[in-house]
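Okay, everyone, thanks for coming. Let me put my protein up on the screen, and then we'll walk through it together.

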Amino acid sequence: MLRGNNGATTEQGPGHQAPSPGAASARAGTDPAGYLRPVNELQEPSDAPAFDTSVPPSGEGCADCDAVGGWWVHLRRCAACGHVGCCDSSPAQHASGHYAQSGHRVVQSFEPGEDWFWDYLEERLVEGPALAEPTSRPDAQPAPGPKGRVPVDWRSHVH
Ligand SMILES: [Zn+2]
Ligand SMILES: [Zn+2]
């Protein structure tokens, strides 16, 4: 769900109740040793590591929307495999769908100027390493996007 008149540009998290990045930084300050822990205590263990800094993003837009001609509000990049998916405000919510399917629990915002990580498992912002470039979609690509596929009444389709 978008907040305010310009919610599309101020959304900070993939969930409806995402805390501010500032809050996460404060918490991270008490946990200087690691980016993310404990790992896999709350659900069936996944063999997949949460982060892989060597793998580039899958593309410039949501891989699943591109496959079916869909559109998105904001983009999230899987920190483990590079899959680029759309956020939970988007009609198809492919980023969280990717988590459900793969168990890859952390995404990083793929929006220009945003570098926060979201942990789907614990539903909170977390710290993360520098991922392989590029770390955001092209500036020229609009949000919502991509150009030419966003319906004029897109606001009535967002979550
Ligand atoms: Zn999508
Ligand atoms: Zn993944």
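This is a predicted model: local features need pLDDT of at least 70, side-chain atom pairs count only at pLDDT 80 or more; totals for chains, interfaces and linings use all residues.

So, look at E3 and E4: these two strands pair in the antiparallel sense, over 3 bridges.

Now, E3 has another partner. E1 and E3 pair too, again antiparallel and over 3 bridges, and here Arg76 stands opposite Ser109 in E3.

Which way do the residues of E3 point? Val106 and Gln108 point one way, Val107 and Ser109 point the other way, and all of them are buried.

Val106 and Val107 also turn up in the largest nonpolar core, which has 25 residues. They're among the residues with the most contacts inside that core, along with Trp72, Leu75, Ala79, Cys86 and Phe117. And which elements give two or more residues to this core? They are E1, E2, H4, E3, E4 and E5.

Let's stop at the helix in that list. H4 runs over residues 94-102, and His94, Ala95, Ser96, His98 and Tyr99 are buried in it. Remember that an α-helix has 3.6 residues a turn, so residues three or four places apart point the same way. The buried residues of H4 pack against helix H3 and strands E1, E2 and E3.

Okay, zooming out. The protein has 4 helices and 5 strands, in the order α-α-α-β-β-α-β-β-β along the sequence. Of its 159 residues, 35% are buried.

That's my tour, so over to you.

Notes
Residues are numbered from 1 along each chain as its sequence is written. Chains are lettered from A and ligands numbered from 1 in the order in which they are written. A residue is buried if 20 or more other C-beta atoms lie within 10 Å of its own, exposed if 12 or fewer, and partly exposed in between; C-beta atoms are placed from the backbone. Two residues are in contact if their C-beta atoms, placed from the backbone, lie within 7 Å. A nonpolar core is a set of buried Ala, Val, Leu, Ile, Met, Phe, Trp, Tyr and Cys residues joined through C-beta atoms within 7 Å. Two strands pair if DSSP finds at least two bridges between them.
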